[in-house]
Amino acid sequence: MHKMTGLAIAPFAGDGPRLTHIAGSRRDGHDDAGSSAADRPEPRRDVGYHLDQQTWLDTTPGERLTVRLHSREVDGKFCILENIAESGTATPMHVHAEDEVSRVLEGEVVFSVHGQISTLREGSQVLIRSGTPHAWRNRSGRPARLLTIFSPGGIEALFLRMPGLPPAEVVQLAADYGTLLIGPPLPE
């Protein structure tokens, strides 16, 4: 086990290290200063998501989403979401107050950002500034996977409330979170 700035990580068969321990909460029940867990309150969990313990939500038809990092874990500064979009899945043209960075992890996705159309392939990313009209569609014929960072955070609460809502209620809910749907999705 390696120690980096109070965070212990252990290798595993996969893409990189898996979080196994947070400083101040050793597996033997003692913190780094030697006191036992019974002597102190539960430590704040600043990070601690295991990739294999994520909850995936069916937010819209053809799209599953999970919150990789909730904004409450970083005092509202940002949030990180991951989604898997089946071929044909699209978002309507919309704007929101948050800056957004979307990175394509697998597949390819067509983005429209302020009217400029770009096809992003695996490893590509796009920065979408606050208030910029944008939309995307998976036209690739296979699923696409995206990682999206919003700053400031908080918008993840919108996505957590979307599953199962009819479209009209999604429009109102999005507006309640400062996201305005201003046009149709990109064409197929």
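# Exercises on a predicted chain

Residues are numbered from 1 along each chain as its sequence is written, and side-chain values use heavy atoms, with hydrogens and water left out.

## Exercise 1: Leucine 120

Decide whether leucine 120 is buried or exposed, and find which residues it touches beyond four places in sequence.

Step 1. Learn the scale: buried means under 20% relative accessible area, exposed over 50%, and partly exposed in between (1.4 Å probe, protein chains only).

Step 2. Leucine 120 has a relative accessible area of 6%, so it counts as buried.

Step 3. A contact means heavy atoms within 4.5 Å. Leaving out residues up to four places away in sequence, leucine 120 touches Ser102, Val104, Gly107, Glu108, Val109, Phe111, Gln125 and Val126.

## Exercise 2: The chain as a whole

Work out how many helices and strands the chain has, and what share of its residues count as buried.

Step 1. Helices (H or I, at least four residues) and strands (E, at least two) are DSSP runs, numbered from the N terminus. The chain has 2 helices and 14 strands.

Step 2. Of its 188 residues, 37% count as buried.

Step 3. Take the contacts between residues at least 6 apart in sequence: 60% of them join residues at least 24 apart.

## Exercise 3: Threonine 91 and the largest pocket

Say where threonine 91 is placed, and which residues are closest to the centre of the largest pocket.

Step 1. Threonine 91 is in the loop between β6 and β7 (92-95). Its relative accessible area is 13%, so threonine 91 is buried.

Step 2. Beyond its neighbours within four places in sequence, threonine 91 is in contact with Ala135, Trp136, Pro185 and Leu186. Proline 185 is 94 residues away from threonine 91 in sequence, yet 5.5 Å away from C-alpha to C-alpha.

Step 3. A pocket, on a 1 Å grid over the protein atoms alone, is an open set of points where a 1.4 Å probe fits, with protein on both sides within 12 Å along at least five of seven lines; lining residues have an atom within 4 Å of a point. The largest pocket has a volume of about 670 Å³, a volume being the space filled by probe spheres set on the points, which are joined across faces, edges and corners.

Step 4. Of the 34 residues that line the largest pocket, Thr60, Glu63, Thr91, Pro92 and Met162 are the closest to its centre. Helix α2 (residues 167-176) gives the largest share of the lining, 4 residues.

## Exercise 4: Backbone exceptions

Find which peptide bond is cis, and where aspartate 75 and histidine 114 lie.

Step 1. Most residues other than glycine have a negative phi, and most peptide bonds are trans.

Step 2. The peptide bond from serine 151 to proline 152 is cis, with omega near -5 degrees. Proline 152 is in the loop between β13 (144-151) and α1 (156-161).

Step 3. Aspartate 75 has a positive phi of about 50 degrees and lies in the loop between β5 (63-69) and β6 (79-85). Aspartate 75 is exposed, at 59% relative accessibility.

Step 4. Histidine 114 has a positive phi near 50 degrees and lies in the loop between β9 (108-113) and β10 (116-121). Histidine 114 is exposed, with a relative accessible area of 61%.

Definitions and conventions:
Predicted model: local features only at pLDDT ≥ 70, side-chain atom pairs only at ≥ 80, totals over all residues.
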